[in-house]
Amino acid sequence: MQRILIVDNDSAFAHGMEIALGNKECKIYTAYGVKEALRILKEEDKRPDLICSDYQMYDGTVIDLMSYIKEYGMGCPVIVISGHDEEQYREKIENAGAAFFYDKGLFKLQEIRQIVADFLASVNK
């Protein structure tokens with residue numbers, strides 16, 4: 001079973017992502033902040049195949065989360081779904097090693113489902 005970790009302090013958006021991405025072949029874990037996401041990442045049986053994260057949470061950013069992933073050699077791809085689409089944010093996100101950036105302001109459910117499916121397929125090759 002594949003595992004996805006959704007990280008977003010907007011509980012309504014996170015819940016919508018759970019519903020949109022969840023299915024019988026995929027287990028969804030949700031964290032509403034960086035610290036909560038780190039707790040999930042430390043649990044071996046919950047370690048995700050893919051992370052979908054907002055940029056800014058109440059206790060840090062996706063950059064903090066990606067630093068931890070690198071430090072511990074987890075090699076888990078991160079899709080950043082954020083309303084912070086200014087060049088300065090995109091550059092920070094790319095330099096931190098995000099696999100993909102998706103503008104929350106242009107959110108289309110079918111697009112994000114396809115992007116996630118493509119990443120999960122590539123992870124399991």
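These legends walk through a few close-up views of a predicted model. Residues are numbered from 1 along each chain as its sequence is written, and side-chain values use heavy atoms, with hydrogens and water left out. Because the model is predicted, local features need pLDDT of at least 70 and side-chain atom pairs count only at pLDDT 80 or more, while totals for chains, interfaces and linings use all residues.

View 1. Strands pair when DSSP finds at least two bridges between them; helices (H or I, at least four residues) and strands (E, at least two) are DSSP runs, numbered from the N terminus. Look for valine 80, which stands opposite phenylalanine 101 in E7.

View 2. The structure holds one cavity of 30 Å³ or more. A cavity is a set of points on a 1 Å grid over the protein atoms alone where a 1.4 Å probe fits but cannot get out, and lining residues have an atom within 4 Å of a point. Points are joined across faces, edges and corners, and the volume is the space filled by probe spheres set on them. Among the residues lining the largest cavity are Phe13, Met17, Cys52 and Ile81. Strand E1 (2–7), helix H1 (11–21) and strand E3 (50–53) each supply at least two lining residues.

**View 3. Lysine 104 and its two aspartates.** Salt bridges (a side-chain nitrogen of Lys or Arg within 4 Å of a carboxyl oxygen of Asp or Glu) turn up four times in the whole structure. In one of them, lysine 104 meets aspartate 8 at 2.8 Å, N to O. That pair links the loop between E7 and helix H5 (109–123) to the loop between E1 and H1, 96 residues apart. Lysine 104 also meets aspartate 54, at 3.5 Å, N to O. Shared partners join Asp8, Asp54 and Lys104 into one network. Aspartate 8 is buried, at 1% relative accessible area, and aspartate 54 is buried too, at 8%; buried means under 20%, exposed over 50% and partly exposed in between (1.4 Å probe, protein chains only).

**View 4. Lysine 46 with glutamate 43.** In this salt bridge the closest N and O atoms are 3.5 Å apart. Lysine 46 is partly exposed at 25%, and glutamate 43 is partly exposed at 32%.

Methods. 1 Å grid on protein atoms, 1.4 Å probe; cavity = no way out; pocket = protein on both sides within 12 Å on 5 of 7 lines; lining within 4 Å.
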